[in-house]
Amino acid sequence: MKIGIIGSGNVGKALAKSGVRAGHAITLSASDPAHATAAAKETGAHAAASNVEAVNGADLVVIAVPYDRLGEVFRGFGTSVDGKVVIDATNHINVQNPGEVLGGISNSEEIQNRHPEVRVVKAFNYAFASRMADPTVDGVRLDGFVAGDDEDAKLKALEFVESIGFRPIDAGPLVIARVLEGMGLLNVLLQIRNEWPWQSGFKLIGPTGDGT
Ligand SMILES: NC(=O)c1ccc[n+]([C@@H]2O[C@H](COP(=O)([O-])OP(=O)(O)OC[C@H]3O[C@@H](n4cnc5c(N)ncnc54)[C@H](OP(=O)(O)O)[C@@H]3O)[C@@H](O)[C@H]2O)c1
């Protein structure tokens with residue numbers, strides 16, 4: 001697939017790395033085009049001079065920017081992502097007051113509400129970047145949950161999720177992004193509380209399909 005990734009930080013680089021390894025053509029963008037160029041060099045991806053250039057001709061778009069940048073990113077897209085499958089990988093974290101972010105709608109629903117012409121799905125936010133680069137731990141694939149209302153968009157996202165090494169799991173409609181964002185927050189809070197090394201993702205065990 002041809003994939004445009006908006007954001008060339010921890011998440012952008014991790015998905016570029018695993019995406020290139022899986023044989024996808026990945027193009028990265030950043031606020032500062034020099035950061036996209038450096039990230040592309042590091043990962044084997046291409047760099048774009050702008051977000052619009054990154055999504056031009058893409059089969060799939062991944063949003064990997066801080067939550068508070070979503071507005072400017074989507075305003076800047078104009079109509080360039082209309083009809084495209086857009087994976088929202090963002091989290092909205094408030095460590096001091098988790099209740100503030102657990103009460104409302106998800107980032108993904110916010111994007112979908114503001115841009116009904118975009119085919120929004122949620123994925124990846126529940127794992128750390130290190131796991132997005134390498135989703136297999138001790139020979140076991142971590143779970144790659146995907147939530148979305150557009151079934152074809154979700155299938156395309158699940159295909160990408162599986163191609164880079166996660167076990168693909170259809171998590172249901174976009175409203176479930178609230179749960180996935182809660183899992184992302186939990187993952188962050190657990191690292192802080194237990195001084196873990198920021199490398200975990202999720203795995204359902206028990207009889208869950210192929211069990212791998
Ligand atoms: N880090 C993780 O393990 C992890 C895991 C799950 C979810 N997430 C979520 O994923 C998102 C990205 O996290 P991250 O750790 O990758 O952040 P990061 O390392 O700070 O990188 C953010 C990237 O976004 C770019 N950016 C900001 N505004 C932009 C704009 N208007 N247009 C294009 N690019 C823009 C920045 O560009 P510059 O480089 O030019 O500043 C930077 O490359 C966040 O929402 C985070 O909550 C992170």
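Biologist: In what order do the strands of the open sheet come?
Modeller: The order of the 8 strands is 3-2-1-4-5-6-9-10, with mixed pairing. Strands here are DSSP E runs of at least two residues, numbered from the N terminus, and two of them pair if DSSP finds at least two bridges between them. This is a predicted model, in which local features need pLDDT of at least 70 and side-chain atom pairs 80 or more, while totals for chains, interfaces and linings use all residues. Residues are numbered from 1 along each chain as its sequence is written, and side-chain values use heavy atoms, without hydrogens and water.

Biologist: Which are the edge strands?
Modeller: Strand 3 (46–47) and strand 10 (167–172), each pairing on one side only.

Biologist: And strands 1 and 4, parallel or antiparallel?
Modeller: Strand 1 (residues 2–6) and strand 4 (residues 60–63) are parallel, over 4 bridges. Within that pair, Gly4 faces Val61 of strand 4.

Biologist: Turning to the ligand, how many residues surround it?
Modeller: There are 26, with Val11, Asp32, His35, Val65 and Glu72 the closest; a residue counts if one of its heavy atoms lies within 4 Å.

Biologist: What classes do they fall into?
Modeller: The shell comprises 13 nonpolar, 10 polar (Gly counts here) and 3 charged residues.

Biologist: How much of the ligand does the protein bury?
Modeller: Of the 900 Å² that the ligand exposes alone, 79% is buried, by the Shrake-Rupley method with a 1.4 Å probe.
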